[in-house]
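Please look through the sequence and the model before turning to the grouped points.

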Amino acid sequence: MLVRGSAGRSILFFVTVLLLLSAVPVFSRDGSILQVEQLLERGSFTERERRSLQRVFDSARNEEIPLALLVPRLQEGIAKRVDAARIERAIRSDVSALVTARTVAWSVPGGEHLLADEARWSRAATYLAAGRSPEELRSLLAITAARPERFRAAATLDISLADWGLGDRDVQRVVEAAVASRLEPRSYRGIAELFVLARRERVRPERMVDRVVAGLERAGSIGELRALVIE
């Protein structure tokens, strides 16, 4: 009888622990659930709008998207008094970009570094939202796989160079050289500025790309790179 009672208590304890563990991830992984509820209550939304927005966040949780990555969009919308429908569309777009970024990361050897850091994951979604393709994100993840701490700066540089007008192959060459260089990631913005300067000096883009890539192999700072590139 004693054995049966001990076994019963053990089973009850085991079941209780399982129930607790099954509930914990929702809150321990993402402490933003209460924050979302408070923001929805605080915003000037109708009850119907609150329910609709809440469903978007519930859907994101089902997709295992950290709500912390979506809260800033809700906060911004409320602060700017944006209507609920526009906020909902923006958040759905963010969720879609985050899901796509995760799918791409899973397809790249070493790409899991993206998902280990929410700031990187968010930057990848921003990268896609800026018009860069999943294939371009895949290339960027491959380039930064060995140096994941450079991903965010590399993504920003990539977007800047594409906006400036460089072709995809030239963007990749410059970004790859920057990631492999001795430059600190925070100085990457200076690389994009060199291309702006090149346009003023009427230097052809393809010639500037060659100069920058060669300079990045030698430079230890953006100042040194500028001296090597600008004649």
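Leaving aside its neighbours within four places in sequence, which residues is Arg123 in contact with? Arg123 is in contact with Phe151, Arg152, Ala153, Ala155 and Thr156, where contact means heavy atoms within 4.5 Å. The model is predicted, so local features need pLDDT of at least 70 and side-chain atom pairs count only at pLDDT 80 or more, whereas totals for chains, interfaces and linings use all residues. Residues are numbered from 1 along each chain as its sequence is written, and side-chain values use heavy atoms, with hydrogens and water left out.

**Overall architecture**

- The protein contains 12 helices and 0 strands; helices (H or I, at least four residues) and strands (E, at least two) are DSSP runs, numbered from the N terminus.
- Read from the N terminus on, the elements run α-α-α-α-α-α-α-α-α-α-α-α.
- Of the 231 residues in the protein, 39% are buried; buried means under 20% relative accessible area, exposed over 50%, and partly exposed in between (1.4 Å probe, protein chains only).
- Among contacts between residues at least 6 apart in sequence, 64% join residues at least 24 apart.

**The nonpolar core**

- The largest nonpolar core has 66 residues; such a core is a set of buried Ala, Val, Leu, Ile, Met, Phe, Trp, Tyr and Cys residues joined through side-chain atoms within 4.5 Å.
- Helix H5 (residues 84–106) gives the most to this core, with 9 residues.
- The residues with the most contacts inside the core are Leu70, Leu74, Leu137, Ile191 and Phe195.
- Not counting residues up to four places away in sequence, Ile191 touches Leu157, Val174, Ala178, Leu183, Val212, Leu216, Ile222 and Leu225.

**Helices H6 and H8**

- Two packed helices are described by the angle between their axes and the distance between the axes.
- Helix H6 (residues 118–129) packs with helix H8 (residues 151–164) at an angle of about 10°, and their axes are 9 Å apart; axes are lines fitted to C-alpha atoms, for helices over the stretch in contact, and angles run from 0 to 180 degrees between N-to-C directions.
- H6 and H8 are therefore roughly parallel to each other; angles under 35 degrees count as roughly parallel, over 145 as roughly antiparallel, 65 to 115 as roughly perpendicular and the rest as oblique.
- On the H6 side the contact is made by Ala119, Arg120, Arg123, Ala124 and Tyr127, and on the H8 side by Phe151, Arg152, Ala153, Ala155, Thr156, Asp158 and Ile159.
- By class, the contact of H6 with H8 has 7 nonpolar, 1 polar and 4 charged residues; Ala, Val, Leu, Ile, Met, Phe, Trp, Tyr, Cys and Pro count as nonpolar, Asp, Glu, Lys and Arg as charged, and the others, Gly among them, as polar.
- Arg123 has its place in helix H6 and, at 23% relative accessibility, counts as partly exposed.
- Arg123 and Thr156 are 33 residues apart along the chain, and their C-alpha atoms are separated by 8.3 Å.
- Asp158, found in helix H8, counts as buried at 6% relative accessibility.
- Not counting residues up to four places away in sequence, Asp158 touches Tyr127, Arg132, Val171 and Val175.

**Helices H3 and H5**

- H3 and H5 pack at an angle of about 5°, with axes 10 Å apart, and that makes H3 roughly parallel to H5.
- From H3, the residues Glu49, Ser52, Leu53, Val56, Phe57 and Ala60 meet Ala84, Ile87, Glu88, Ile91, Arg92 and Val95 in H5.
- This contact of H3 with H5 has 8 nonpolar, 1 polar and 3 charged residues by class.

**Loop residues with a positive phi**

- Most residues other than glycine have a negative phi.
- Glu64 is not a glycine, although its phi is positive, at about 60°.
- Glu64 is found in the loop between helix H3 (47–62) and helix H4 (71–79), and at 54% relative accessibility Glu64 counts as exposed.
- Arg81, also a residue other than glycine, has a positive phi near 55°.
- Arg81 is found in the loop between H4 and H5 and is exposed, with a relative accessible area of 72%.
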